[in-house]
Amino acid sequence: CAASRQAACSAGCIPVPWLCDGEQQCPDGTDEQCECCSVPLVCGAKKVQCPGTHHCIPHWELCDRHQDCEDGWDEEGCPQQPCLPGQWQCRNRVCIMAEWKCNGIDDCGDSSDEDVCAPCPPGMVRCDEGKCILESLMCNDEDDCLDGTDEPSTCGELLATAHVTGARRSRRAVLCHVTPLLFCSARVDIRSGNLYWLAFLHLSCPRTHVPCHDGTECVAQEYVCDGEKDCADGSDEDGCAQLCDTPGRSHSSYPCGLGACLNASLVCDGQQDCVDSSDEGGNCSVACQRSCAHLCYPSPQGPRCWCDPGYRLAEDGLSCMDIDECMEWGEGACSQTCLNAPGSYSCGCLPGYLLEPDGRVCKLTGPEPMLLVALQSEVLSYGLRSGHEEVLLATDKDRVVFSLDYDLVERKVFWMDLATESIRWQDLNSGKKGTLVKGVRSDCIAVDWLGRNLYWTDGAAGQVLATHLGAAWRGIPEYTVVMDGDLDRPHSLVLQPLAGLLYWSEVGSHPRLMEATMDGSRRHVLLAQGLGWPTALALDLPTWRIFWLDEKLGSIGSARLDGTSVKVLQLGWVRSPFAAAVCEGQLYWSEKKAWSVHQVDKASGKNRTVLLKRHGQPHGLQVPMRESPKPCCTNSCAKSNGGCAQLCLPNP
């Protein structure tokens, strides 16, 4: 047997991860006699194994002040005393002479004295333990460096002289003052803890965002004049009262010279309503004799035409044009379907939803929708209305429930078990457990409840694979490669069973979102621009959109399923997203590094709420449907397995 990957069995060789995995593979059961033998070493180079488990952790996670092994073994016996003057503390807390850093020799034993030598990318700074973080994460009241060096005590100081960092990298000490061509941002030197300033000639914002007046941040164009202050200085709401064409404002408004818009009925009424009196005097006495399509009102500039609500004055200044609120306001008009009408519009809901009293938002009818969360070795059910939590299943504590999905037909939860390199399942009705397939590694799995298959991505191999949901593990892998060859690190995967389509993200050198039929044919690029690392995907079928969270860009994006109507929001709290789900008007996602599950308004990215925060990393998320929807179209594998003896892959 291959010593590093296989173990001897009376019937031959079996993979090491199958040892002590709760299922007998050897005829004599020796692979499950775990109490009388030590767990073999299964970790590769630069990794260490937690004692008594198959769990491997990177060597730099030893003594990092964070418990990575279940029993805390990786934090036992670590040096507690700070280093002496002239010494430098390694990531594993070993002290070495400061001059030994970057000498080409691993003096620490964990390579941390050499890892810090490579420069960080532009816009990033290096923590003491070696990793690079975004410069904007310094002094944000959260420890983004493991040792907290990005949050020194000097973060609260307000005044300082500074080194200016501009186009010429000047080192001259100056006091920073904001000018129209220069903005300043307070930062802390991550090495010394001293406060300094960064000065830039201009702030570069994405084309979908606009800069705040103080130059320190960008906000989405949709946030300008929406009634909420999103810039720290409130500049996204400055002057909005003067904009008479603000969405939702009546088009019968009169713009004062200085100040707010005024209802046209208050103009030339003999009373000063505008602060600058621009609503009175002038030609107010001139009678209305224009051929206005709707109404005419007097003004200091002479008679003007006035349109009823829901209409806009045409360029000729006489006729009125209907406003298509559904087109102009997009998701801001209705949460699902929108029907325009002359001078108005109405919202509607899909079957299974009910329109709320506000006439805009659709809510699910029937029982409370639930969010399934893979949290370390457990799967939780979280009520999206009540907040009620319940543990649906629990695995061995040395295992991690990674990606998960739900089969609404048989009420089974499927999940990826990295420790045993297997996809496992549990019936929520009977509690029965089983293994679907072994010998696989995947970042994401997805269930086709209609065609009765399960798909998964293998980023290392560049493949998408599938197996039948009814497969039973018999010692021989029973799955097929659906796609390979030109896939660049496929990562997240979502399915649309009713249409027989699958969508996936690729996070390689050329990140993109892709679509194909479930048999792997008719592949095409959905989106290939403006992406960094789209690590989490979710479908929102009521609005016919796909959502993604981008770890590299710190953003939430969405597009129609034909790749049009792309919308991207940069949000500071998107840092290490793993999985995402959409329900009603909310987007949910799991943050690996922050050990939390978040929700935001899916249309605006606002109203962020932390739903769960536990001791343990959350991974997979899913909002299961409560009943099988009536198919709008036929899945060719739904009936009699498409006539196939084994695996049937739909091709609509």
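Ser377 is found in the loop between β25 (370–375) and β26 (378–383), where strands, like helices, are DSSP runs numbered from the N terminus (E, at least two residues, for a strand; H or I, at least four residues, for a helix). At 10% relative accessibility, Ser377 counts as buried, a word that here means under 20% relative accessible area, while exposed means over 50% and partly exposed lies in between (1.4 Å probe, protein chains only). Leaving aside its neighbours within four places in sequence, Ser377 is in contact, meaning heavy atoms within 4.5 Å, with Leu393, Ala394, Thr395, Asp396, Lys397, Arg399 and Val401.

Before going further, a word on how to read the model. This is a predicted model, in which local features need pLDDT of at least 70 and side-chain atom pairs count only at pLDDT 80 or more, whereas totals for chains, interfaces and linings use all residues. Residues are numbered from 1 along each chain as its sequence is written, and side-chain values use heavy atoms, with hydrogens and water left out.

Seen as a whole, the protein has two helices and 48 strands. Of its 652 residues, 45% count as buried, and the protein exposes about 32,400 Å², of which carbon and sulfur atoms supply 52%; such areas come from the Shrake-Rupley method with a 1.4 Å probe, and for residues only the protein chains shown count as cover. Among contacts between residues at least 6 apart in sequence, 35% join residues at least 24 apart.

With this overview, we can turn to the sheets. Strands of a sheet pair through backbone hydrogen bonds, either parallel or antiparallel. In this model, two strands pair if DSSP finds at least two bridges between them.

Strand β46 (residues 596–601) pairs with β47 in the antiparallel sense over four bridges, and the bridge partner of Gln599 in β47 is Thr609.

Strand β21 (residues 337–341) and strand β22 (residues 344–348) pair in the antiparallel sense over five bridges, with Leu339 opposite Ser346 in β22. Two residues stand between the strands of this hairpin, in which Gly343 takes a positive phi near 75 degrees.

Most residues other than glycine have a negative phi, and most peptide bonds are trans. Cys268 lies in the loop between β16 (261–263) and β17 (295–297) and counts as buried at 19% relative accessibility. Arg452, in the loop between β32 (445–448) and β33 (453–458), likewise has a positive phi, near 65 degrees, and is buried, with a relative accessible area of 17%.

Finally, we come to the aromatic rings. The structure holds four aromatic pairs, where rings of Phe, Tyr and Trp (its six-membered ring) pair if their centres lie within 6.5 Å, with planes under 30 degrees apart counted as stacked, over 60 as edge-to-face and the rest as tilted. The rings of Trp456 and Tyr479 have their centres 5.4 Å apart and their planes at 75 degrees, so this pair is edge-to-face. The pair links distant parts of the chain, 23 residues apart, with Trp456 in strand β33 and Tyr479 in the loop between β34 (463–468) and β35 (480–483). Trp456 counts as buried at 1% relative accessibility, whereas Tyr479, at 33%, counts as partly exposed. Elsewhere, the charged end of Lys412 sits over the ring of Trp425, 4.1 Å from its centre, a description that requires NZ of Lys or CZ of Arg to be within 6 Å of the ring centre and within 35 degrees of the ring normal.
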